[in-house]
Amino acid sequence: MTGSPAFDLWVYLAASPLLWLTLTIGVFLAAQYLARLSGFHTLVNPVLITIVLIVLVLQLTGTSYNTYFDGAQFIHFILGPATVALAVPLYRSRKLVRASALPILAALAVGAPFAMLSATGIALLLGAAQQIVLALVPKSVTAGIAVGIAGEIGGEPALTAVLVISTGILGAIIVTPLMNALRITDYAARGFAAGLTSHGIGTARAFQVNSVAGTFAGLAMALNGLATAFLAPLIFRTLFGA
Amino acid sequence: MLFGLFVLLACQLAGEVIARGLGLPIPGPVIGIVLLFALLTIHGRMKQAEKAEQGDVAKAADGLLANLGLVFVPAGVGISQHYQLIFDNGIALIAALVVSTALTLIVTVLVFRAVSRLVTREENPS
């Protein structure tokens, strides 16, 4: 094999950012196509599919995560400006916020710390490793902010990203049957709970059910991102006394 | 387009400077959200709110947010370095995720409903 043109080409490409950057975008586009084919079924999540497929490719080709990340870092960098971009939908829904300011603030004040404390509390009770508990703190927050929070409190960003995506998918799957069982027909309240608990994935789901629910979900996602960024360091200090 | 991207990056940069400068334990982009929201509010007051909602910055933001899923992939692929940690903590992890997600949905929706009912009762005393 060594010395053959195909092998030389592979050695060159496998180490170049071009290959991994192109592959990431290409696989994501294919996963989005699959999601569209399924009628945007909650279980066919493009982010999850892309991660699984790329992990498989890295395993099969024996490529290290560091080599992959050299290429993918250009996409990773966009997390920052994409997070700042959340100010735009927040600004667009400012009238809605003012109209139901009190229920929004109350639900945020209770829901944001509850999302963190319930997850970390259960994990601590069941004896999970500290790395797991730390990565669980921002699990209800959109990944752009959650990865930033994980970095601030010493959690592992990769593990956090996976837990965030898992929480989003879980919330999106259970929100509708759960709310129906509770007999809550207020779509503003339902949407707000979906967005606060399961961020962008919950918001996408809320928009499929009802447009008022979707708008309140987007709002809850942005507000919970802000609230958690402020609260997480406090909760972290309380939990680990650091 | 370029101007919109510049404003987003500038807000993030200012957010990083503020966070590091003041030693705040908050991610720079989160402070960037607050800064951009303030800028949009000022812009909307000075001109028309519609211009702030649909201008260059809003278009750049919409473009990024439409493909938000993609930017989580590089960090998510890092899971390949943590198989062992996840297997070792599998039950605690699944229990924490499932129970916390269901309870957070319930608690949030109940608080929202209770307060919004209180508010409407005060507005229309019968």
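**Notebook: chains A and B**

I started with charges across the interface of chain A and chain B, and the rule finds three salt bridges there (a side-chain nitrogen of Lys or Arg within 4 Å of a carboxyl oxygen of Asp or Glu). One I looked up is A:Arg94 with B:Glu53, whose closest N and O atoms are 3.0 Å apart.

Housekeeping: this is a predicted model, so I kept local features to pLDDT of at least 70 and side-chain atom pairs to pLDDT 80 or more, while totals for chains, interfaces and linings use all residues. Residues are numbered from 1 along each chain as its sequence is written, chains are lettered from A in the order in which they are written, and side-chain values use heavy atoms, with hydrogens and water left out.

**Interface**

I then counted polar contacts between chain A and chain B and got 10 residue pairs, both at pLDDT 80 or more (a pair of N or O atoms within 3.5 Å; within protein, one must be able to donate a hydrogen and the other to accept it, and residues adjacent in sequence count only if both atoms are side-chain atoms). On the side of chain A that touches chain B, helix H11 (residues 157-181) gives the most, with 14 residues (helices are DSSP runs of H or I, at least four residues, numbered from the N terminus).

By contact (heavy atoms within 4.5 Å), 94 residues of chain A meet 73 residues of chain B. The area buried between them is about 7100 Å², and carbon and sulfur atoms give 82% of that (accessible area, 1.4 Å probe, that two parts lose on being put together, summed over both). I noted A:Val84, A:Tyr91 and A:Arg92, which supply 10% of what chain A buries against chain B, more than any other three residues.

**Cores**

The largest nonpolar core has 78 residues, and A:Tyr68, A:Leu136, B:Leu36 and B:Val77 have the most contacts inside it (a core is a set of buried Ala, Val, Leu, Ile, Met, Phe, Trp, Tyr and Cys residues joined through side-chain atoms within 4.5 Å). H11 of chain A gives the most to this core, with seven residues. Skipping residues up to four places away in sequence, I found A:Leu136 touching both chains, its partners including A:Leu163, B:Leu93 and B:Leu97.

**A:Thr228**

Is A:Thr228 buried or exposed? I have it as buried because its relative accessibility is 2% (buried is under 20% relative accessible area, exposed over 50%, partly exposed in between; 1.4 Å probe, protein chains only). A:Thr228 sits in helix H13 (residues 211-240) of chain A, and its side chain reaches the backbone oxygen of A:Asn224 at 2.8 Å.

Key. Helix = DSSP H or I, 4+ residues; strand = E, 2+ residues; numbered from the N terminus.
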